[in-house]
Amino acid sequence: MTRPAPARVPPHSATASGCTSPERPRRAWERRGIPSVRPYVEGPAVPACRAETRRSPATRTSLLVVVATPLARGCDGLREQALKDFHQAMANFFGKTHRRPTWRSRGRGEGFRIVAVTSGDVRRVSRNVGEVKIPKVGWVRFRWSRPVAQAKSYRVTRDAAGRRHVAFAVIPEPISVTGAGGVVGVDRGVTVSAALSTGELLSVPALRDTEKERLLRLQRKLARAKRGSKQRAKVKLAVARLKAREADRRKDWVEKTSTDLARRFEVIAVEDLKVSAMTRSARGTLEAPGRNVRQKAGLNRGILAAGWGRLVTRLEHKAPGRVRKIDPRFTSQTCNACGHRAGESRESQALFLCVACGHRVNADVNAARNFRDTAAGHAVAARGGLPLGGPVNREPQRDLLLMG
């Protein structure tokens with residue numbers, strides 16, 4: 001008896017099930033000789049892929065099987081939205097407003113997006129419990145953690161720790177000043193996460209000593225585990241849960257700190273730092289290997305753990321038009337009292353002792369006060385009238401698709 005030949009799946013439809021990674025369909029189309037999605041104009045592969053996924057039952061694989069098993073039966077809406085998001089990501093890249101889409105790592109960022117949400121798709125069951133209607137699944141309960149207005153869309157994700165989340169796309173209102181106002185300078189560091197010009201020293205809560213010891217033991221156990229084994233998957237999940245706990249504490253600190261600064265001060269001055277460039281690896285290449293790679297890797301971990309980039313991003317969201325980015329050159333060597341600049345005044349990481357006037361203060365606070373004084377010259381009132389910038393809309397930018 002001869003074995004029946006497997007059903008042939010068209011090349012462009014075979015990539016429809018993997019559209020959770022925006023870069024994957026484009027490369028798959030190019031390998032098979034199908035024209036890729038061009039900037040601003042929807043390529044021929046996108047409508048062809050949509051039509052094929054509607055016709056062919058062989059292509060009805062799950063867009064995200066890890067979240068809900070019923071999705072394995074297929075949902076045309078999810079696949080079409082994934083194609084639209086991929087097309088929008090490429091349009092943003094060619095429009096030079098976003099970076100190039102990259103490969104999605106397995107187990108990170110697993111999710112799908114639902115658009116055209118109506119008022120009947122989300123309902124509140126009790127004070128802390130709500131329900132959302134997901135295609136092919138039905139009503140799914142979630143914890144109602146904060147008030148949510150009418151959402152345009154929502155995204156269901158599962159992180160590396162195995163937790164499932166639903167995030168509603170709502171444009172938040174800017175936070176207005178309720179206190180005395182004024183200008184504040186914020187200096188970001190590794191030892192002290194944020195030093196304010198008022199003298200306050202704020203630090204991100206990290207893992208406790210016992211948690212760090214357990215994380216180290218788990219990482220050693222993970223290195224000895226056999227790849228593909230159940231034991232490795234179990235240890236990997238335990239490591240991810242500890243790291244997720246650390247990330248949750250950092251995000252919570254950023255949200256509380258940014259909200260407090262937006263409410264207390266009219267203008268917030270921060271140093272203009274390129275965090276992505278500062279945390280780049282010093283590994284180098286085979287021809288030109290880097291130096292002090294391990295030391296640089298430790299510094300990168302410290303910068304990322306302090307939440308430098310997220311803090312400024314959330315400040316710009318909550319206080320649009322009120323965040324001033326100051327050139328950080330020589331601000332740590334300049335005395336805020338007399339204006340004398342000398343590298344010898346910075347005696348240590350924490351101490352600033354001016355060699356000219358003898359002014360003694362915390363080095364991070366001195367730098368923050370220099371930011372404050374620089375921004376005070378072009379301070380903008382945060383009360384009354386419209387802010388200089390509106391809230392950032394993180395919905396897809398459909399206007400870029402119309403550009404020629």
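**A pocket, ring pairs and charged pairs**

Q: Which helix gives the most to the lining of the second largest pocket?
A: This is a predicted model, in which local features need pLDDT of at least 70 and side-chain atom pairs count only at pLDDT 80 or more, while totals for chains, interfaces and linings use all residues. Helices (H or I, at least four residues) and strands (E, at least two) are DSSP runs that are numbered from the N terminus. Helix H7 (275-278) and helix H9 (308-318) each supply at least two residues of this lining. With 5 residues, the helix that gives the most to the lining is H9.

Q: About how much space lies in the second largest pocket?
A: On a 1 Å grid over the protein atoms alone, a cavity is a set of points where a 1.4 Å probe fits but cannot get out, whereas a pocket is an open set with protein on both sides within 12 Å along at least five of seven lines, and lining residues have an atom within 4 Å of a point. Grid points are joined across faces, edges and corners, and a volume is the space filled by probe spheres set on the points. For the second largest pocket, this space comes to about 560 Å³.

Q: How many charged residues does the lining of the second largest pocket have?
A: The lining is made of 16 residues, and Arg99, Val275, Ser276, Gly309 and Thr313 are those that lie nearest the centre of the pocket. By class, Ala, Val, Leu, Ile, Met, Phe, Trp, Tyr, Cys and Pro count as nonpolar, Asp, Glu, Lys and Arg as charged, and the others, Gly among them, as polar. Beside 3 nonpolar and 5 polar residues, the number of charged residues in the lining is 8.

Q: What angle do the ring planes of Phe142 and Phe168 make?
A: Rings of Phe, Tyr and Trp (its six-membered ring) pair if their centres lie within 6.5 Å, and planes under 30 degrees apart count as stacked, over 60 as edge-to-face and the rest as tilted. The structure holds 4 aromatic pairs. Phe142 and Phe168 have ring centres 5.6 Å apart, and their pair is tilted because the planes stand at 55°.

Q: How many residues apart are Phe142 and Phe168, and are they buried or exposed?
A: Buried means under 20% relative accessible area, exposed over 50% and partly exposed in between (1.4 Å probe, protein chains only). Phe142 belongs to strand E4 (residues 138-143) and Phe168 to strand E6 (residues 164-168), so that this pair links distant parts of the chain, 26 residues apart. Ring pairs also link Phe142 and Phe168 with Trp144 and Tyr154 into a cluster. As for accessibility, both Phe142 and Phe168 are buried.

Q: How far from the ring centre of Phe330 is the charged end of Arg341?
A: A charge sits over a ring if NZ of Lys or CZ of Arg is within 6 Å of the ring centre and within 35 degrees of the ring normal. Arg123 lies in this way over the face of Trp139, at 3.7 Å from the ring centre. The charged end of Arg341 sits over the ring of Phe330, and its distance from the centre is 4.0 Å.

Q: Which residue forms a salt bridge with Glu200?
A: A salt bridge is a side-chain nitrogen of Lys or Arg within 4 Å of a carboxyl oxygen of Asp or Glu, and the structure holds 17 of them. Residues are numbered from 1 along each chain as its sequence is written, and side-chain values use heavy atoms, with hydrogens and water left out. Glu200, in the loop between strand E8 (194-196) and strand E9 (201-202), has its partner 64 residues apart, in helix H6 (residues 230-264). The side chain that meets Glu200, at 2.8 Å from N to O, is that of Arg264.

Q: What is the relative accessible area of Arg346, which meets Asp364 in a salt bridge?
A: The side chains of Arg346 and Asp364 meet at 4.0 Å, N to O. Arg346 lies in the loop between strand E11 (323-326) and strand E12 (351-353) and Asp364 in helix H10 (residues 363-376), so the pair ties together parts 18 residues apart in sequence. Asp364 counts as buried at 7% relative accessibility, whereas Arg346 is partly exposed, with a relative accessible area of 27%.

Q: Where is Ala116 found?
A: Phi of Ala116 is near 55°, a positive value in a residue other than glycine. Ala116 is exposed, with a relative accessible area of 62%. Its place is the loop between strand E1 (110-115) and strand E2 (122-124).
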